[in-house]
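Here are my comments on the model, point by point. Please read them with the structure open.

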Amino acid sequence: MLRVVVLGAAAGGGVPQWNCGCPVCRKARTAHPELQSTQASIAISADDEHWFLINASPDLRQQLIATPQLHPAAGKLRHSPITGVVLTNGEIDAITGLLSMREGSPFTIYAHAKVLATLTSNSVFNVLSEKNVKRQGIGIDRAFEPALPDGTPSGATPSKPKKPAPAQPGAPVQSAPSALRNFFGLGSPPPRQLQPQPPRAPNVPRPPGNVGRSASAPQGDVIR
Ligand SMILES: [Zn+2]
């Protein structure tokens with residue numbers, strides 16, 4: 001059975017965001033600490049022993065302290081149950097937690113080649129020596145199963161990976177996260193048609209409402 005721990009459920013910046021004075025962040029700092037939430041991330045395991053993180057948020061250190069399943073095993077001086085980290089994108093909110101995992105424990109980073117290139121091109125991530133921290137490419141729309149340290153399948157997938165059908169000219173375009181949906185056995189979302197997109201404006205400030213959203217699941221809840 002796949003176990004999922006919600007490590008955090010807030011948007012980038014968390015709640016409260018350090019520089020936000022909106023009503024929700026103000027309440028989270030004062031009378032309603034229950035509104036506080038770390039940034040979105042989950043941990044999954046098929047055996048309660050080896051865990052895989054889905055993204056490593058800047059709040060990872062705090063999330064690991066708050067999650068007993070992710071503590072070092074009793075009696076071991078250096079150990080972590082975290083066997084791998086699956087990165088769904090290369091944004092700050094998804095990758096900077098990796099820097100909190102730099103103390104020499106082995107694990108594998110699974111990410112698209114473009115995300116791995118982001119790590120390689122930012123020398124600060126060299127603290128994750130490739131001798132200890134393997135980097136494995138994953139493909140968009142290709143299901144995969146993360147491996148245990150000995151290379152055997154982790155079982156962290158409730159369904160057999162399905163081969164995607166070859167794309168037909170003019171066919172609807174699958175959404176990018178469908179590989180992750182297959183990973184979780186969710187099947188494919190309804191197809192969407194590819195629409196021409198306007199160019200993205202760089203450095204558009206995040207609207208205040210985006211950071212004041214309260215968590216939809218309490219931090220640290222285990223879903224079985
Ligand atoms: Zn706020």
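**Notes on the predicted model**

1. Phe-107 sits in strand E5, residues 107-111.

2. What does Phe-107 touch, leaving aside residues up to four places away in sequence? The partners are Ile-82, Thr-83, Gly-84, Val-85, Met-101 and Val-133. Arg-135 is 28 residues from Phe-107 in sequence, and the C-alpha to C-alpha distance is 8.9 Å.

3. The overall layout is 5 helices and 7 strands. Their order along the sequence is β-α-β-β-α-β-α-β-α-β-α-β. Of contacts with a separation of 6 or more, 67% join residues 24 or more positions apart. Buried residues make up 29% of the 224 residues.

4. Now the backbone. Most residues other than glycine have a negative phi, and most peptide bonds are trans. The bond from Val-15 to Pro-16 is cis, with omega near 0°. Pro-16 lies in the loop between strand E1 (3-8) and helix H1 (23-29).

5. Asn-55 has a positive phi of about 75° and is not a glycine. Its loop runs between strand E3 (51-54) and helix H2 (60-65). Asn-55 is buried, with 23 other C-beta atoms within 10 Å.

6. Asp-141 also has a positive phi, near 65°. Is Asp-141 buried or partly exposed? Asp-141 counts as partly exposed, because it has 18 C-beta neighbours inside 10 Å. Asp-141 is placed in the loop between strand E6 (133-137) and helix H5 (178-183).

Methods. Residues numbered from 1 in each chain as written. Predicted model: local features only at pLDDT ≥ 70, side-chain atom pairs only at ≥ 80, totals over all residues. Helix = DSSP H or I, 4+ residues; strand = E, 2+ residues; numbered from the N terminus. Contact = placed C-beta atoms within 7 Å. Buried ≥ 20, exposed ≤ 12 C-beta atoms within 10 Å, placed from the backbone.
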